[in-house]
Amino acid sequence: MRLLLPSLTALLLVSTAQAQDLTAEVAHSWTSGGEAAAVKVISDAFTARGGTWVDWSVAGFESANAAYISRLLAGDPPTAKTAVAGPEVTELIAQGLMNDIDTAFHAAVPDGVVPQVVLDAITMDGKVYMAPTGMHAGSWMFYSMPVFEKAGITEAPTSWDEFFAAMDKIKAAGLVPIAWGGQSWQEGIVFHAVVLSTIGAEAFTKLYKDSDLSVIDTPEFAEAVNVFGRMRDYVDAGAPGRNWNDATAMVIRDEAGVQLLSDFIKGEFTTAGETPGIDYGCALTPSTDSLIFLADAFTFPKTGNADEDKAQALLAEAVLDPRVQADFSALKGSLPIRTDVDTSGLDACAQTAIELVKQDKIVPDAAMTLSPAINGGFKDAVGAFFADPAMTSEAFIEQYKAAFANG
Amino acid sequence: MPVPVSLRSVAIGYGSTAVVKDFDLEIAAGEFLVLLGPSGCGKSTLLNAIAGLSDLSDGEIWIGERNVTWADPKDRGIGMVFQSYALYPNMNVEKNLSFGLQVAGMAKDEIARRVKRTAAILQLEPYLQRRPAALSGGQRQRVAIGRALVRDVDIFLFDEPLSNLDAKLRTELRVEIKKLHQELGSTMIYVTHDQVEAMTLADRIAIMRDGVIQQLASPREIYHRPANLFVAGFIGSPAMNLVSGALVPKAGKTFFRSELGTFELPQSAPQSAEERAVIAGLRPEQIVLGTASGLPGFAAKVSVIEAMGPDTILWCEAESGVFSLRMPGDFAGAVGDSVTLGLDLANASYFDSASGKRL
Amino acid sequence: MRDPFPATARGQRPQRLTTARIGLYAFLLIAALFFLLPAYVMIVTSFKSMGEIRSAQIFSLPQMLDWSYWLEAWSSACAGVNCNGVSVGFWNSVKITVPATILSVLLGAVTGYALSFWKPPGSKLLFAAITIGGFIPLQIFLFPMVRATAALGLYNSLAGIVLVHVVFGLPLTTLLFRNYYAAIPVELFKAARVDGAGFWRIFYALMLPLSLPMLVVAGLMQMTGIWNDFLLGLVFAGRDNLPMTVQLNNIVTTTTGQREYNVHMAATVLTALVPLVAYFVSGRWFVRGITAGSVKG
Amino acid sequence: MVDQSGARTTASPPGRSKVTGRLRLPVAAMAALTPAWLIILLVYLGTTVWTVQISLTKSRMLPSSEFAGLSQYQRLFGTARWSNSIENVLTFGVVYVLGAMVVGLLLAIAIDRRVRFESAWRTMFLYPYALSFIVTGLMWQWLMNPEIGIQATARAAGLGWFTFDWTTRSDMAIYAVALAGIWQSAGLVMVLMLAGLRGIDADLWRATRIEGIPMWRTYLTIVLPQLGPSVATAFMLLTMGAVRTFDLVVALTNGGPGQSTEVPAKFIMDSLFARQDLGLATAGATVMLFTVMAVTIPILYARDIWTRRQNGRL
């Protein structure tokens with residue numbers, strides 16, 4: 001009874017306040033603590049606007065995709081689905097399976113507040129199809145202040161030479177230099193951060209956006225391979241297969257010096273009660289002046305149901321709300337997609353990133369520009385290379401290039 | 001009501017290999033026919049075909065006035081008893097007996113009546129509530145027979161029903177089956193490889209080899225006048241003594257010449273106008289000890305004496321081979337005795353050496 | 001275990017605990033250690049606090065028997081915005097497993113029976129095809145099966161997921177029953193036919209009661225497989241029927257955020273509990289069933 | 001051939017027709033097999049046809065009908081991960097199947113030596129079979145992690161030389177997967193083998209004891225050959241599992257380190273959903289399918305001939 005009564009009232013309210021039932025079934029893979037809290041920001045905003053949120057969460061991108069694509073094929077898609085704004089969505093758009101939210105988007109977002117690279121990623125044939133929730137920045141380095149102190153490192157390294165010198169010191173202090181998550185997707189993020197640091201933003205875009213393979217043959221790219229390979233000497237025996245959060249825990253427990261990964265690991269530090277600048281530090285990967293960003297967005301399958309179309313527009317409106325953007329980012333550890341939101345509540349690390357976004361010093365992650373197949377090929381190659389010290393740089397570069405051809 | 005069974009040009013084969021080809025057999029109403037032969041001769045296959053458990057590739061089967069070639073087993077009016085008893089392990093004796101009747105949709109009281117009657121005939125009353133696993137071999141076989149009996153079938157098919165029983169039980173049940181046949185007068189077809197069963201039970205025996213009937217005749221005829229060497233060798237224990245030789249005509253008489261010597265044949269034996277190679281077959285009782293009988297004889301030495309109780313089998317070694325003789329049970333002799341053996345050529349069988357057929 | 005030599009036997013009784021005997025028990029003990037170790041770790045971990053897990057050895061006993069993680073795993077562990085633990089999926093799993101197990105076992109029994117005794121034309125081809133089907137990875141079937149169930153109107157429904165399990169259970173159950181029936185004397189079948197019983201009558205009056213041991217074996221194996229399935233349940237069952245394993249996945253496979261290993265382990269044990277209990281309870285039958293049946297390959 | 005007593009008694013009755021074709025079809029049996037046929041034809045065969053067809057198209061995330069010839073196969077064999085997967089599944093299959101058979105057989109033999117508390121031992125060895133491969137993988141991931149697992153514990157206990165770090169070594173990780181698989185499946189093999197052992201004639205044991213044949217020889221040369229059917233069943237079930245291996249790898253190593261534990265089923269799954277490469281996935285599936293058929297059909301055929309020879313007939 002206790003349960004029944006409020007829901008009954010809710011039902012009455014909805015049916016009287018609104019003629020139609022704006023129910024949205026939302027598919028996502030954001031199931032962990034911080035993520036779930038972030039999703040709740042959106043669902044609350046949606047509910048506040050009169051919608052009914054039905055949560056369909058499946059942990060693990062792969063499982064979520066399996067279920068989602070199946071439902072698309074069966075002609076019974078959910079109202080909305082989170083995705084990385086990029087080719088995995090564009091194929092669905094090209095096949096005519098997605099609704100655009102062009103009107104809702106422009107009604108909610110004034111011109112010029114969303115960076116052009118992001119706008120490019122969510123637009124197809126002049127229409128906006130996705131409602132971005134925020135972006136994650138790769139090319140980060142998080143480090144343990146106590147470990148640095150113990151090893152006698154005073155400054156965060158800004159070049160790879162400094163970096164490896166620092167790592168040697170940590171090693172000498174009997175600690176693990178790099179907290180390494182030995183899964184190919186994590187290694188892929190690290191490698192691309194290294195690539196960005198050696199070849200620069202322009203070449204990075206040339207390679208991963210325009211598929212200009214000549215970049216791979218440059219000495220700068222070879223240097224990236226070299227730097228990446230050297231990292232093998234600074235990881236512990238338990239690295240292979242390690243989850244990223246287990247790696248983060250090593251930094252939190254001050255057992256390891258640095259972790260190289262995206263900003264989403266910040267949530268771990270926050271959950272552990274650590275404060276940036278005191279317990280841990282954050283910096284861009286050495287020799288880097290740009291961010292590699294990845295935009296998460298809601299996408300909207302065609303459901304053939306007019307009410308659901310309206311629910312989609314309402315959801316897009318909720319997602320793009322500046323307040324929602326700010327709150328969501330704070331919880332998720334990402335950056336707002338809009339430059340006009342109040343970001344004062346975000347931490348020091350995020351402030352650095354926001355500054356770079358404002359200066360347009362951001363390059364899109366390969367996942368936003370190249371097909372999942374090519375990106376998969378990258379991961380395979382990078383994972384194989386890191387796991388096998390006997391693999392030559394030439395062989396690796398060969399396999400890495402093949403990913404483009406085979407993708 | 002006993003009915004006749006008729007197999008007409010029956011062929012049975014699996015894939016490309018024919019087990020039985022162009023097979024004809026007429027079984028009279030009320031007859032007890034035994035299909036006898038070594039394993040693999042096709043006798044069980046034939047029985048399965050009569051039962052409708054395996055399909056013909058050619059020919060017809062008639063039971064009574066009906067062509068049952070494609071009839072279901074249940075529509076043929078047959079009951080079958082298997083070597084392995086094939087009792088339903090999950091049902092007690094009563095259920096085993098009544099299952100077929102239930103399937104046929106018979107009224108409950110009629111079923112009970114029949115089960116009672118059958119149980120009485122086969123002395124199964126005390127075991128009706130037992131499962132097959134709790135029965136002895138003999139009891140199981142009785143239930144298996146009862147399962148056919150209870151259904152009042154016209155034809156009983158037995159597939160080596162006694163092979164799994166010990167010697168004593170086998171003899172007992174053999175007599176019971178014989179009695180059953182005498183009481184019921186039903187047509188019974190019985191497959192076995194045991195010649196004693198065949199000899200004791202059959203009205204006629206069909207001796208089979210490689211899917212072909214070698215001889216179809218009464219037990220007496222088969223024993224005394226085997227149609228060919230195969231039958232001669234298969235029937236009788238110990239087996240017929242075989243002596244190769246030749247029939248030689250001389251001065252209007254026919255002589256049998258062999259390594260044992262040349263002997264004149266009496267008029268009752270086959271005669272020949274020209275010399276031909278033959279094999280003489282003599283039952284152990286057709287060889288006698290000593291010369292007193294006046295039969296043609298030869299020397300031999302006793303090598304083994306088998307006392308069987310009612311009679312004694314004597315194995316004697318002669319130059320040309322070993323001979324077995326049937327002696328009375330009280331025979332007194334010793335291994336190593338030198339003896340003279342006499343051949344009863346008048347009653348012996350003679351087979352063509354080349355074809356093996358009886359002359 | 002009966003002593004074959006009665007104690008009244010004369011003379012010096014030979015030493016029974018020989019070196020070989022000791023070796024035998026030593027082998028069994030080592031094997032038992034190997035088999036029990038993972039379960040031990042999982043269970044002790046489910047009682048430890050996160051601090052304890054981080055600091056202490058995985059083999060050490062928990063400082064205290066704290067059931068709270070079990071409670072959390074059962075009813076309040078979060079997956080996304082839903083914090084209901086694995087319990088929500090429990091009845092869904094039951095609703096999927098019970099009919100799917102019964103149907104697939106019966107289908108396997110009927111198919112195996114028809115293939116073993118009746119052998120209608122094409123039987124060999126069918127059996128070969130079923131056997132090969134047992135080797136095909138399930139993943140390949142997903143797309144076509146989604147289309148097929150959608151066309152039948154069964155996609156995202158209980159009936160749909162049950163159907164899918166029956167379809168994919170066919171190779172295993174058919175193989176088991178065909179082998180089992182191969183060991184049953186064909187005379188039994190012949191006798192029943194002479195007694196006038198037809199296909200179905202022989203099946204339910206004779207073969208089904210005789211297959212009780214194999215029904216247990218196939219039932220247990222299918223139940224385990226279906227209960228433990230994650231992918232098919234996720235794709236075909238629909239949001240309202242998601243099995244327990246999907247909740248478990250949602251709780252355990254978080255891609256970001258703090259990993260509560262104690263809760264994860266408790267949730268894992270809870271999810272595995274039904275098949276485990278089934279094996280503990282009917283393990284004897286399982287062994288007996290296989291002993292009675294599948295000896296004949 | 002028939003003798004004088006006259007077996008060939010009657011002439012054929014008039015109007016006797018030659019038997020043609022099979023008239024006595026077991027209709028009910030055919031009806032009962034209909035569901036199996038439907039499943040085989042519609043699902044298994046249908047999927048196969050669909051898979052082969054899609055593998056010849058340019059399909060990416062969703063099925064497309066744009067013909068691409070054999071280019072997906074070209075891509076497939078140009079992908080290092082695919083050949084790695086094949087190699088790995090072979091290594092895994094051999095170690096897992098043989099390992100589970102040997103361990104299962106040894107356990108069965110040990111239990112069959114009239115040990116005390118037989119059912120307790122059996123339960124201990126069989127319970128992993130009730131667990132999914134996912135759970136199995138999770139548990140062993142912990143145990144084999146060199147930093148927290150068995151190795152760490154042993155070293156903490158003073159055994160500094162002790163090393164058990166298979167999951168983190170490219171050259172050993174596939175054996176780690178096999179080990180976990182053996183752990184899960186050996187109990188089932190044990191039960192199958194135990195069934196076979198219990199079916200062996202007790203007289204045989206008496207005979208070997210009287211002849212003084214050592215126990216190990218008896219097992220090796222007399223008992224083992226008689227376990228044929230049990231071995232065949234176990235082999236079949238294990239091989240099916242090995243070819244389909246997916247969950248175990250995902251939970252234990254997720255294919256790593258590097259590609260050292262990638263397997264075809266995972267390649268297909270990844271291509272299907274993570275990489276949205278339906279064409280490549282179906283090409284891989286097709287190759288797998290036909291490999292399985294090429295191996296299975298001759299075995300089935302040989303088995304059929306063998307049993308036919310054993311029975312002397314059908």
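**Questions on chains A, C and D**

Me: With 4% relative accessibility, is C:Thr224 buried or exposed?
Reply: Buried means under 20% relative accessible area, exposed means over 50%, and partly exposed is in between (1.4 Å probe, protein chains only). C:Thr224 comes in at 4%, so this residue counts as buried.

Me: Which pLDDT do side-chain atom pairs need in this predicted model?
Reply: Residues are numbered from 1 along each chain as its sequence is written, chains are lettered from A and ligands numbered from 1 in the order written, and side-chain values use heavy atoms, with hydrogens and water left out. As the model is predicted, local features need pLDDT of at least 70, totals for chains, interfaces and linings use all residues, and side-chain atom pairs count only at pLDDT 80 or more.

Me: Which side chain is joined to that of C:Thr224 by a polar contact of 3.2 Å?
Reply: C:Thr224 sits in helix H10 (residues 212–228) of chain C, helices being DSSP runs of H or I with at least four residues, numbered from the N terminus. Leaving aside residues up to four places away in sequence, C:Thr224 touches C:Pro275, C:Tyr279, D:Tyr129 and D:Ala130, where contact means heavy atoms within 4.5 Å. A polar contact is a pair of N or O atoms within 3.5 Å; within protein, one must be able to donate a hydrogen and the other to accept it, and residues adjacent in sequence count only if both atoms are side-chain atoms. For C:Thr224, the partner across 3.2 Å is C:Tyr279.

Me: What share of the area buried between chain D and chain C do carbon and sulfur atoms give?
Reply: This contact takes 93 residues from chain D and 87 from chain C. Buried area is the accessible area (1.4 Å probe) that two parts lose on being put together, summed over both. The total here is about 8100 Å², and the carbon and sulfur share is 80%.

Me: How many salt bridges are there between chain D and chain C?
Reply: Ten residue pairs are in polar contact here (both at pLDDT 80 or more). On the side of chain D that touches chain C, helix H14 (residues 278–311) gives the most, with twelve residues. A salt bridge takes a side-chain nitrogen of Lys or Arg within 4 Å of a carboxyl oxygen of Asp or Glu, and the count between these chains is zero.

Me: Which residue of chain A forms a salt bridge with D:Arg275?
Reply: Chain D buries about 2400 Å² with chain A, 55% of that from carbon and sulfur atoms. D:Met61, D:Leu62 and D:Arg275 lose the most area on the chain D side, together 27% of what that side buries. The interface has two salt bridges. In one of them, the closest N and O atoms are 2.8 Å apart, and the partner of D:Arg275 is A:Asp380.

Me: What angle lies between the ring planes of A:Phe228 and A:Phe386?
Reply: Rings of Phe, Tyr and Trp (its six-membered ring) pair if their centres lie within 6.5 Å; planes under 30 degrees apart are stacked, over 60 edge-to-face, and the rest tilted. Over all chains there are 70 aromatic pairs. A:Phe228 and A:Phe386 are one tilted pair, 5.4 Å centre to centre, with the planes at 55 degrees.

Me: How many residues apart are A:Phe228 and A:Phe386?
Reply: Both rings belong to buried residues, and ring pairs link them into a cluster with others, including A:Trp180 and A:Tyr400. A:Phe228 is in helix H10 (residues 219–230) of chain A and A:Phe386 in helix H17 (residues 372–387), so the pair links distant parts of the chain, and the separation in residues is 158.

Key. Helices (H or I, at least four residues) and strands (E, at least two) are DSSP runs, numbered from the N terminus.
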